[in-house]
Amino acid sequence: SITTNTLNNVIGGEYGGWYFDGYIDEVKVFNTALSESKIAEIYNSENSGRNYDASERSCNNCSLHPPIADYRMDECSWDGTSGEVKDYSGNDLNGTAINGANTGEGKLCKGGEFDSSKTQYIDVGDRDELDPEDRDWSISVWVKWDGGSGDQIIYNKESLYEAKINNGKFYYAWQPYWSWVGGISVNQGEWTHFVITYDHHKQRV
């Protein structure tokens, strides 16, 4: 099973390490292993400009298993104020923009804009709700990679789960199998949807 630690969850980088160039939008954490059909529902809904559950952006619909964290990054701007990156799940797992990370282009409405040269990221803190422990787990995210080199971290809970783009390839690492896997090609300048699931038997992307 996956253990816990006291390190903060980070979007757009990792502490003292690699950071992301480009845009990140619609980051969600689910405490279930999403099926292929559910992943397709999320993709089709968000790709058509709706919420993950096919509702209008201003509406709520629980046709899909609701996420425990839902970072839409639709705020008009960020200025480093604590809790300004809102969690729309209702669980109050808000984040804070660090080193000038701000909103910009998004897949739906706005998204988070990050510059790895400025070590920009979102700090969500160490929240128990975001530790998988013995639960099934899924993370869904849209990314638009600007072509930076090296490890471009999309999200990170160090030693538990992490995803990155490296030289145009998408990789992830997830406990209990803590090793980079994937190698899926990503086109520079195009929005791409990724969902990673874990059901205590298999990890899938």
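## Basis of the description

The structure is a predicted model in which local features need pLDDT of at least 70 and side-chain atom pairs count only at pLDDT 80 or more, while totals for chains, interfaces and linings use all residues. Residues are numbered from 1 along each chain as its sequence is written, and side-chain values use heavy atoms, with hydrogens and water left out.

## Aromatic pairs and charges over rings

A pair of aromatic rings is described by the distance of the centres and the angle of the planes. Rings of Phe, Tyr and Trp (for Trp, its six-membered ring) are taken to pair if their centres lie within 6.5 Å, and planes under 30 degrees apart count as stacked, over 60 as edge-to-face and the rest as tilted. The count by this rule is 8 aromatic pairs. One of these is the tilted pair of Tyr161 and Trp174, with 6.1 Å from centre to centre and 40° between the planes. Its partners are 13 residues apart and link distant parts of the chain, with Tyr161 in strand S10 (residues 161–166) and Trp174 in strand S11 (residues 169–174); strands (E, at least two residues) and helices (H or I, at least four) are DSSP runs numbered from the N terminus. Both Tyr161 and Trp174 are buried, a term that stands for under 20% relative accessible area, with exposed meaning over 50% and partly exposed in between (1.4 Å probe, protein chains only). Together with Trp137 and Tyr155, these two residues form one aromatic cluster.

Lys164 is placed over two rings, where a charge sits over a ring if NZ of Lys or CZ of Arg is within 6 Å of the ring centre and within 35 degrees of the ring normal. The charged end of Lys164 sits over the ring of Trp180 at 4.0 Å from its centre, and Lys164 also lies over the face of Tyr171, at 5.7 Å from the ring centre. Tyr171 belongs to strand S11 and, at 24% relative accessibility, counts as partly exposed. Leaving out residues up to four places away in sequence, Tyr171 touches Glu162, Ala163, Lys164, Asn166, Trp180, Val181, Gly182 and Gly183, where contact means heavy atoms within 4.5 Å.

## Nonpolar cores

In soluble globular proteins, nonpolar side chains tend to be buried together. A nonpolar core is here a set of buried Ala, Val, Leu, Ile, Met, Phe, Trp, Tyr and Cys residues joined through side-chain atoms within 4.5 Å. The largest such core has 36 residues, of which Ile11, Ile24, Tyr71, Leu130, Ile154 and Phe170 touch the most other members. The elements that each supply at least two residues of this core include strand S2 (22–30), strand S3 (69–71), strand S8 (137–145) and strand S9 (151–157), and the largest share, 5 residues, comes from S8.

Apart from this core lies another, of 5 residues, among them Phe30, Leu34, Tyr52 and Val195. Phe30 is in strand S2 and is buried, with a relative accessible area of 0%. Beyond its neighbours within four places in sequence, the contacts of Phe30 include Ile42, Tyr52, Trp137 and Ser140. Phe30 and Thr197 are 167 residues apart in sequence, and their C-alpha atoms are 8.9 Å apart in space.

A cavity is a set of points, on a 1 Å grid over the protein atoms alone, where a 1.4 Å probe fits but cannot get out, and its lining residues have an atom within 4 Å of a point. Grid points are joined across faces, edges and corners, and a volume is the space filled by probe spheres set on the points. The count comes to 1 cavity of 30 Å³ or more, and the largest cavity has a volume of about 100 Å³. Its lining includes Ile11, Tyr71, Leu130, Tyr155 and Tyr161, and the largest share of that lining, 3 residues, comes from S1.

Glu26, in strand S2, has a positive phi of about 60° although it is not a glycine, and Glu26 is buried, with a relative accessible area of 0%. Ala54 likewise has a positive phi, near 80°, in a residue other than glycine, but Ala54 is partly exposed, with a relative accessible area of 38%.

Asp131 is found in the loop between S7 and S8 and counts as buried because its relative accessibility is 3%. Not counting residues up to four places away in sequence, Asp131 touches Thr4, Asn5, Asp126, Trp137, Lys157 and Leu160.

Definitions and conventions: 1 Å grid on protein atoms, 1.4 Å probe; cavity = no way out; pocket = protein on both sides within 12 Å on 5 of 7 lines; lining within 4 Å.
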